[in-house]
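Have the viewer open as you read.

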2 protein chains.
Amino acid sequence: MSSPLTPDEVQRTEDTFGPLTQSLRTLIDATIRSQADDADVRRAHALIEEATALLSTRLDPEPFGVRTTTDGRTLTWGNVLIGMRNAIAPPLRVQRDENGDAAAELTLGAPYEGPPGLVHGGVCALLLDHVLSATAHRPGAPAFTGTLTVRYVAPTPLGRLRVEAWTDRHDGGKTHAKGHILDAAGAVTVQADGVFIRPKVKP
Amino acid sequence: MSSPLTPDEVQRTEDTFGPLTQSLRTLIDATIRSQADDADVRRAHALIEEATALLSTRLDPEPFGVRTTTDGRTLTWGNVLIGMRNAIAPPLRVQRDENGDAAAELTLGAPYEGPPGLVHGGVCALLLDHVLSATAHRPGAPAFTGTLTVRYVAPTPLGRLRVEAWTDRHDGGKTHAKGHILDAAGAVTVQADGVFIRPKVKP
């Protein structure tokens, strides 16, 4: 599976696993909020086992990693935050503008809860790490986080959120980025700054 | 559902939703690594939809939050990192010793991937936020993160990990905590320090 995927293979996988993963996100949420009776919970459990068996007839022994396509794209379908095949991922869709500024809008429901009704503080850090690092990414040269500092200025309610990040300055191979999370009313709830490092590309 | 649960209700829910959620974690992983053919993927998708419908016959409109039991326990079954009913949660099980030091051992597989074969840097931040904050928790008085700084000193491989945290100093209602993540070989991959705040309890 490590040979590059053709556009046709990409499309077929998106057509089958995309909707399945989206349904799985709904199932994760329902598992938390369900008040179904015991018999229905046990039947649901049996169906989950059956679905897993079908998908597991052939399993890649490795995590998904990063794969390439014959038309030069990279696929990160297993990524915990943006992966099309990862039901943990909201998924986050990061937009970058011509300056390299990055932003993402997303809605977080019950599965991302920490304190009652609020996004877990660590999930805010996860979102900020990813969106800040996007300011430092270059095609084929992903950036690694060096340090990340997160300041919690107000609780972040579950619901609609916007994450924004921009470059503060460059310093050799390091990008110093800043960013924040805005709640549905547009108020800043969490601020962050980070240093991101692009590994030197061997000539 | 906001009235306290009896020990019997707790046990019954653990007996039904515990194994279901564990199976759901396996399904999330299989969805990422599956190489099943299209027909099996479509059948698995239909089973997932069926399971969701069974669980959704009665859905709490609210996220799980924190619930209490008639014997004085608190339940955080929906928590993104420790929740018994949250399939996103590994789940993390944090142990605290008599000094208030906190530690957790866990194994992270394909669903927590960022760079190929590595734990997403933001997931490391999420783990550290939670375990560091545990040093500041008191019964009935959860601590909120004020600031968290995370330093990435080496890549964190997927697999067995240990997270450790300890109190550096107290300062009024603030706990200054430090901690790190150790890989399977016992090497530090990520360091963190944070300031955690306990809201004043009204008399």
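How much area is buried between chain A and chain B, and what share of it do carbon and sulfur atoms give? In this predicted model, the area buried between the two chains is about 7400 Å², and carbon and sulfur atoms account for 65% of that. The contact brings together 82 residues of chain A and 82 residues of chain B. On the chain A side, the residues that lose the most area to chain B are R33(A), Q35(A) and L54(A), which together make up 9% of what that side buries.

Now for the polar side of this interface. Between chain A and chain B there are 39 residue pairs in polar contact, both residues being at pLDDT 80 or more, and the count of salt bridges is 2. In a salt bridge that you can pick out, the side chains of D38(A) and R12(B) come together at 3.0 Å, N to O.

Which elements of chain A give two or more residues to the side that touches chain B? They are helix 1 (7-33), helix 2 (38-55), helix 3 (121-134) and strand 5 (144-152). Helix 1 of chain A gives the most, with 16 residues. Sorted by class, the side of chain A that touches chain B holds 40 nonpolar, 25 polar and 17 charged residues.

Begin with P19(B), which sits in helix 1 (residues 7-33) of chain B. Is P19(B) buried, partly exposed or exposed? P19(B) counts as partly exposed because its relative accessibility is 34%, and the range for that class runs between 20% and 50%. Setting aside neighbours within four places in sequence, P19(B) is in contact with H45(A) and E14(B).

Leaving out neighbours within four places in sequence, D40(B) is in contact with L54(A) and T57(A). L54(A) has already come up, as one of the chain A residues that lose the most area to chain B.

Next, step back and look at chain A as a whole. Chain A has 3 helices and 8 strands, and along the sequence they follow the pattern α-α-β-β-β-β-α-β-β-β-β. The C-alpha trace of chain A spans about 60 × 45 × 25 Å along its principal axes. Of the 203 residues in chain A, 54% are buried. Consider also the contacts in chain A between residues at least 6 apart in sequence: 61% of these join residues at least 24 apart.

How is chain A divided into domains? The domain assignment gives domain 1 (1-89) and domain 2 (92-197). Taken over C-alpha atoms, the centres of these two domains of chain A are separated by 25 Å. Their contact takes 10 residues from domain 1 and 7 residues from domain 2. The area buried between the two domains of chain A is about 700 Å², with carbon and sulfur atoms giving 70%. The count of salt bridges between these domains is 0, while 2 residue pairs are in polar contact, both at pLDDT 80 or more. By class, the side of domain 1 that touches domain 2 has 7 nonpolar, 1 polar and 2 charged residues.

Finish with a detail of the backbone. Most peptide bonds are trans. In chain A, however, a cis peptide bond joins P90(A) and P91(A), with omega about -10 degrees. P91(A) is found in the loop between strand 2 (74-75) and strand 3 (95-96) of chain A. In chain B, a cis peptide bond joins P90(B) and P91(B), with omega about -10 degrees, and P91(B) lies in the loop between strand 2 (74-75) and strand 3 (95-96) of chain B.

How values were computed. Residues numbered from 1 in each chain as written. Chains lettered and ligands numbered in written order. Heavy atoms only, no water. Helix = DSSP H or I, 4+ residues; strand = E, 2+ residues; numbered from the N terminus. Buried < 20%, exposed > 50% of the residue type's maximum accessible area, 1.4 Å probe, protein only. Contact = heavy atoms within 4.5 Å. Domains from an automatic or database assignment. Buried area = accessible area lost by both parts, 1.4 Å probe. Salt bridge = Lys/Arg side-chain N within 4 Å of Asp/Glu carboxyl O. Polar contact = N/O pair within 3.5 Å; in protein donor to acceptor, adjacent residues only side chain to side chain. Nonpolar A, V, L, I, M, F, W, Y, C, P; charged D, E, K, R; others polar.
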